[in-house]
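Let's take a walk through this model together. Have the sequence and the coordinates open side by side, and we will go from one region to the next.

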Amino acid sequence: MASLTGVNKSLIVFASLVVVLAGIKAASVIIIPFILAAFIAIICNPLIKFFARYRIPKGVAVMLVVLIIVGLGVSLGGLVGQSINDFSQQLPEYKAQLKEEFVWLVDLASQYNILINKEQLINMFDPGRMVDVATNMLTGLGGVMANMFLIILTVIFMLFEGYVAIYRHSTHP
């Protein structure tokens, strides 16, 4: 087989990179929860070490850490849900304030001979779109919650295995 020139090698590397990235994008449904679980497990590993230092059994330590994770997740979810609920209740008031500010801005611009259509400006910044953004955020949060069981199981597995791997590494150089 003939040797490849620099341009051909670059094209093959680029094509390979495109294929790998397309595969990652296609597998993102599996990869994202796994990476999130790995992140949580890495962050929680010092807690497992802390409990091990006080001779708390590994299973109990992992369950305590998982309870802490779930508690923090539920608290954060409640906080975000309440904030979105408050925002959606105050949205009509925000819409009225925004409309007043736009009218003031258009009047100020007209003093400097800058002509802006008030209705067009108000339609461009429709606060109803904010509700769509909030709805999309809730949908995304619902997707994470649907994967939460899988993520927690993966975290439990990683914490058990990570603890064993660290223990084996420290006892057998």
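**A guided walk through the helices**

Leaving aside its neighbours within four places in sequence, T154 touches F34 and A37, where contact means heavy atoms within 4.5 Å. You will find T154 in helix α5, residues 128-171; helices here are DSSP runs of H or I with at least four residues, numbered from the N terminus. T154 counts as buried because its relative accessibility is 17%, and buried means under 20% relative accessible area, exposed over 50% and partly exposed in between, with a 1.4 Å probe and protein chains only.

Before going on, please keep in mind that this is a predicted model, in which local features need pLDDT of at least 70 and side-chain atom pairs count only at pLDDT 80 or more, while totals for chains, interfaces and linings use all residues. Residues are numbered from 1 along each chain as its sequence is written, and side-chain values use heavy atoms, with hydrogens and water left out.

Now turn to helix α2, residues 28-53, which holds I48. With a relative accessible area of 1%, I48 is buried. Its C-alpha lies 6.0 Å from that of A61, although I48 and A61 are 13 residues apart in sequence.

A61 takes us into α3, where it is among the buried residues, together with V62, V65, V66, I69, I84, L91, F102, V106 and A109. Just after α3, N113 adopts a positive phi of about 60°.

Next, have a look at the aromatic rings. F50, F51 and Y54 make up one aromatic cluster; rings of Phe, Tyr and Trp (its six-membered ring) pair if their centres lie within 6.5 Å, and planes under 30 degrees apart count as stacked, over 60 as edge-to-face and the rest as tilted. By this rule there are two aromatic pairs. F50 and Y54 form an edge-to-face pair, with 5.1 Å from centre to centre and 65° between the planes. F50 is partly exposed at 36% relative accessible area, whereas Y54 is exposed at 54%.

Finally, visit helix α1, residues 6-26, where F14 lies. F14 counts as exposed because its relative accessibility is 53%.

How values were computed. Helix = DSSP H or I, 4+ residues; strand = E, 2+ residues; numbered from the N terminus.
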